Amino acid sequence: MTDMKILCALLLGCCLATAIWGSPLNPPTTPLTPPEPSGEILNYPTAQPTSEFPTFNSSPGIFGWHKESEIGAALGLLNYLGGWVNLKLADPLKTGNYLGLAEDALVYKLGTGFIFGQAANQQGFFTIPCQLEATLYLLENSFWEGDPFIGTGLNYNLLGTNGQSGGFGWKYYCGLQRDFGFGLGRCDVAFGYNSYRVKDNLLASSYYFAISRPFIRL
């Protein structure tokens, strides 16, 4: 009986202790207080936007000049035939902007070729000229779904008939750039008047018809 009284006393003591101090198995916890905001704005890296269009990286060309060239042929309607290769040079002044055209509307061309035929005195001739031209492309797609152009040029005989050098000639022309459907892609077709001179005694001048197209990139 005494043991029963002692056990009851211990149980009662435990109950009183639990009521006063809480259960030792579940100690009281203090609620956490969130830290105060510091005001600092964190910048997280954002994903770079991607384009729906493919990126075009132009080739630097054979010599790394980033320059276009053209190859062409001309038929003098009276007395000569020839061909040439020109290097295209962009206009550094972007003259097209001042004319209400594209900034690259004016293109300079520097090149050489081989021309042969019959001079004004009925004597056969040939010339390897150095030629410089300026071509101004007008409003795009403004005529027959193509780009009309006008131009002028100057040539100097580097080597001609009988090994002679010297002699200036000139040209002026108009034409149209477009794809004419002959498998050559976009071409320049021109009609104009020009002349070639070998030294002072051989001169060939004529209306002419010419066609040229893009060549290798240099």
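The largest cavity is lined by 14 residues. Trp 84, Glu 133, Tyr 173, Ala 190 and Ser 212 lie nearest its centre. The model is predicted. Its protein chain has 218 residues, with 2 helices and 8 strands.

**The cavity**

- One cavity of 30 Å³ or more is counted.
- The largest cavity holds about 130 Å³ of space.
- Strand 2, strand 6 (168-179), strand 7 and strand 8 each give two or more residues to the lining of this cavity.
- Strand 8 gives the most, with 4 residues.
- Rolling a probe the size of a water molecule over the atoms shows where empty space is left.

**The largest pocket**

- The largest pocket has a volume of about 670 Å³.
- It is lined by 30 residues, and the closest to its centre are Glu 68, Lys 88, Asp 104, Val 107 and Tyr 137.
- Strand 2, strand 3, strand 7 and strand 8 are the elements that give two or more residues to this lining.

**The chain as a whole**

- Read from the N terminus, the elements follow the order α-β-β-α-β-β-β-β-β-β.
- Buried residues account for 30% of the chain.
- The accessible surface is about 15,100 Å². Carbon and sulfur atoms hold 66% of that surface.
- Take the contacts between residues at least 6 apart in sequence: 55% of them join residues at least 24 apart.

**The nonpolar core**

- The largest nonpolar core has 17 residues. Tyr 80, Phe 125 and Tyr 208 have the most contacts inside it.
- At least two core residues come from each of strand 2 (80-90), strand 3 (106-118), strand 4 (124-137), strand 7 (186-198) and strand 8 (202-214).
- Strand 8 supplies the largest share of this core, 4 residues.
- In soluble globular proteins, nonpolar side chains tend to be buried together.
- Beyond its neighbours within four places in sequence, Phe 125 touches a list of residues that includes Tyr 80, Ile 115, Phe 116, Thr 161, Tyr 196, Val 198 and Leu 202. Gly 117, Gln 118, Ala 119 and Ala 204 are also in contact with Phe 125.

**Thr 127, a buried residue**

- Thr 127 lies in strand 4.
- Its relative accessible area is 1%, so Thr 127 counts as buried, the cut-off being under 20%.
- The side chain of Thr 127 makes a polar contact with the side chain of Asn 157, at 2.7 Å.
- Leaving aside neighbours within four places in sequence, Thr 127 is in contact with Gly 113, Phe 114, Ile 115, Asn 157, Leu 159, Gly 160, Tyr 196 and Val 198.

**Val 85, a partly exposed residue**

- Val 85 sits in strand 2.
- Its relative accessibility is 36%, so Val 85 counts as partly exposed.
- Val 85 and Ile 216 are 131 residues apart in sequence. Their C-alpha atoms are 10.0 Å apart in space.

**Loop residues**

- Glu 103 is found in the loop between helix 2 (95-98) and strand 3. Its relative accessible area of 42% makes Glu 103 partly exposed.
- Glu 103 and Ala 90 are 13 residues apart along the chain, and 9.6 Å separates their C-alpha atoms.
- Apart from neighbours within four places in sequence, Glu 103 is in contact with Lys 94, Gly 96 and Asn 97.
- Glu 145 belongs to the loop between strand 4 and strand 5 (147-160). Glu 145 is not a glycine, yet has a positive phi of about 60 degrees.
- At 63% relative accessibility, over the 50% cut-off, Glu 145 is exposed.
- Lys 199 lies in the loop between strand 7 and strand 8. Lys 199 also is not a glycine, and has a positive phi of about 55 degrees.
- Lys 199 has a relative accessible area of 41%, so it counts as partly exposed.

How values were computed. Residues are numbered from 1 along each chain as its sequence is written. This is a predicted model: local features need pLDDT of at least 70, side-chain atom pairs count only at pLDDT 80 or more; totals for chains, interfaces and linings use all residues. Side-chain values use heavy atoms; hydrogens and water are left out. A nonpolar core is a set of buried Ala, Val, Leu, Ile, Met, Phe, Trp, Tyr and Cys residues joined through side-chain atoms within 4.5 Å. Buried means under 20% relative accessible area, exposed over 50%, partly exposed in between (1.4 Å probe, protein chains only). Contact means heavy atoms within 4.5 Å. A polar contact is a pair of N or O atoms within 3.5 Å; within protein, one must be able to donate a hydrogen and the other to accept it, and residues adjacent in sequence count only if both atoms are side-chain atoms. Accessible areas come from the Shrake-Rupley method with a 1.4 Å probe; for residues, only the protein chains shown count as cover. On a 1 Å grid over the protein atoms alone, a cavity is a set of points where a 1.4 Å probe fits but cannot get out, and a pocket is an open set with protein on both sides within 12 Å along at least five of seven lines; lining residues have an atom within 4 Å of a point. Grid points are joined across faces, edges and corners, and a volume is the space filled by probe spheres set on the points.
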